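Hi everyone, thanks for making time for this. Please have the structure open on your screens, and we'll walk through it together.

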Amino acid sequence: MKRLVLTRFKTRTSMFIFMLCISLTSLICLYFVLMHLWKEQFTTYKQQALTEHTYHLSYVIRNFMSEGPLTEVNNAQLREASNQFSAPIRYFAPDRKTIKMNLKTEDVLVSTYPYEVEVPIIINGRIDGYLHAYYDLDAGLHSPAIVQYEQELLTRSRNTLGLFILAALLLSLYASHRWSRSIHQAGQLAESIVIGNRNTVIPQCGTREMASLIATINSLLAEFERQESWRTQLMQDLTHELRTPLTAVLSRLDAIIDGIYPLTKDNMLSILTDIERLYRLIEDMEKLSEAEGARFELNLQPLEMTRVVRGVYEGFLFLSKEKEIKFVFEKPHTPCFLDADPDRMVQILSNVIYNAIKYTPRGGSVVLGLSCNQGDTLIYCRDNGIGITAVDLPHIFHRFYRADKSRSRDSGGLGVGLSIAKALVESHRGTIWAESEQGEGSTFWIRFPEQNRLNL
């Protein structure tokens with residue numbers, strides 16, 4: 001079955017067609033209004049001309065009329081005048097009711113000659129009667145003035161119609177060019193971006209919606225550039241992280257095979273340490289892919305969050321004591337229940353706490369807290385470590401972003417712990433954010449909404 005292929009026009013062409021239809025419709029309506037006004041004006045002119053024509057007829061008739069009843073001679077003269085002026089006539093007595101002479105039947109007068117002109121006939125200073133002449137305004141009239149005026153109106157209407165069509169074309173061309181210019185320029189810049197000029201910034205122009213669309217495109221381009229720089233940095237870091245342990249493993253194995261190093265337990269433990277480091281790198285990548293790809297299923301169940309947080313807290317006590325860090329847990333005074341996945345919750349807290357301890361120097365402090373106020377469950381982790389710069393703070397939850405690359409490299413990580421935590425928190429319909437000042441420490445906040453709370 002063949003697909004229906006729709007013709008796609010350029011924006012300027014589409015806008016020209018649209019504007020042409022609108023302008024032509026408007027101007028044609030205006031043209032018909034003018035034609036109606038001109039027709040009424042022409043009708044009034046014909047009525048005035050026919051009235052003058054009837055007065056001329058009455059002047060001719062008055063010259064051969066006499067007082068008293070009409071004679072056969074008068075009737076013949078009236079009939080001759082009617083034929084001469086091409087107008088059916090009636091001659092009424094002064095009472096306007098008695099017909100003294102009728103040259104046309106009633107049916108013909110009503111159906112064919114709807115316009116009537118009355119002129120009094122005065123003989124010797126007295127009204128002898130009233131002459132009624134009948135005309136068809138739509139029929140061809142033999143007056144040269146009327147014919148000339150009609151020709152002038154016809155020429156005027158044709159010229160006006162031509163001017164209106166020309167005006168519609170010019171207006172449509174101007175409007176389509178002016179209004180589509182910004183879209184055309186934005187389209188050309190977008191094409192240049194597609195072919196590789198990604199540093200191009202599209203200027204905001206056009207309507208409010210068009211400017212908003214361009215701003216969104218520019219934001220997407222900026223975000224793409226950031227993602228691309230992070231990807232490049234990731235490849236460099238990943239190459240470095242993988243090359244270092246692999247080089248160590250290969251060199252030790254070659255030395256053992258060549259007999260330079262003995263096959264001892266210490267040498268095997270060194271090789272095992274490098275392999276574990278490789279495994280941690282791969283595991284971090286797998287966790288991030290799983291969390292952001294939402295390929296996991298949450299095992300939601302009622303959790304008493306004080307017990308869960310305390311369990312994670314106790315698991316990090318050894319690490320904090322090793323670094324001589326004061327690690328404190330501020331628990332709520334009342335039980336706090338939450339509908340969540342226990343394993344994922346431990347994973348979230350572990351990533352945040354490990355990050356706090358890692359960037360807190362010896363002798364520092366880390367505070368882990370839990371509260372259940374105003375319907376939300378709030379978890380916070382506050383430290384007095386090195387802090388995060390204002391430049392790095394908006395990006396710490398992005399994939400592969402590392403504010404301190406030397407520390408991350410030394411610890412063998414890729415800087416994906418916070419990205420994993422963010423993905424897992426959002427899968428529970430929660431939010432995570434950070435507040436920090438460089439040299440003053442950081443505070444990470446995790447909030448779970450009221451719908452995740454259990455009122456037990």
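Let me begin with a question: does K422 count as buried, partly exposed or exposed? Keep in mind as you look that this is a predicted model. The relative accessibility of K422 is 26%, so K422 counts as partly exposed. Buried would need a value under 20%, and exposed a value over 50%.

Now, who is the partner of K422? The side chain of K422 meets that of E426 in a salt bridge, with 2.7 Å from N to O. In general, side chains of opposite charge can pair when their charged atoms come close. Both residues sit in helix α11, which covers residues 417-427, and they are four residues apart, about one turn of the helix. E426 is partly exposed too, with a relative accessible area of 46% being the figure for C29 and 44% the figure for E426.

The salt bridge count comes to three, so let's visit the others. The side chains of R96 and E118 also meet in a salt bridge, at 3.2 Å from N to O. Where do these two residues lie? R96 is in the loop between β1 (89-92) and β2 (99-102), while E118 is in strand β3, residues 115-123, so the pair ties together parts that are 22 residues apart in sequence. R96 has 43% relative accessibility and counts as partly exposed. E118, at 34%, counts as partly exposed as well.

Next comes D376, which forms a salt bridge with R447; their closest N and O atoms are 3.5 Å apart. D376 belongs to the loop between β8 and β9, and R447 to strand β11 (residues 441-448), so this pair links parts that are 71 residues apart in sequence. For D376 the relative accessibility is 23%, which counts as partly exposed. R447 is partly exposed, with a relative accessible area of 33%.

Let's move on to the cysteines. A disulfide is a covalent bond between the sulfur atoms of two cysteines. How many disulfides are counted in this model? The count comes to one, and it joins C336 to C372, with 1.7 Å from S to S. The angle about the S-S bond is -110 degrees, and the link of C336 and C372 is left-handed.

Another cysteine to click on is C381, which is buried at 1% relative accessibility.

Now please find K323. It sits in the loop between α8 (317-322) and β6 (326-330). Which residues does K323 touch, once we leave aside its neighbours within four places in sequence? K323 is in contact with I357, K358, T360, R362 and G363. A polar atom of the K323 side chain lies 3.3 Å from the backbone oxygen of K358. K323 and G364 are 41 residues apart in sequence, yet their C-alpha atoms are 8.8 Å apart in space.

L163, L166, L170 and L173 make a nonpolar patch of about 400 Å². If you want a landmark, L170 is in helix α4, residues 144-194.

Conventions. Residues numbered from 1 in each chain as written. Predicted model: local features only at pLDDT ≥ 70, side-chain atom pairs only at ≥ 80, totals over all residues. Heavy atoms only, no water. Contact = heavy atoms within 4.5 Å. Polar contact = N/O pair within 3.5 Å; in protein donor to acceptor, adjacent residues only side chain to side chain. Patch = residues over 30% accessible without salt bridge, like charges linked within 9 Å, V, L, I, M, F, W, Y side chains within 5 Å. Areas by Shrake-Rupley, 256 points an atom, 1.4 Å probe, with all protein chains shown as cover. Salt bridge = Lys/Arg side-chain N within 4 Å of Asp/Glu carboxyl O. Disulfide = S-S within 2.5 Å. Buried < 20%, exposed > 50% of the residue type's maximum accessible area, 1.4 Å probe, protein only.
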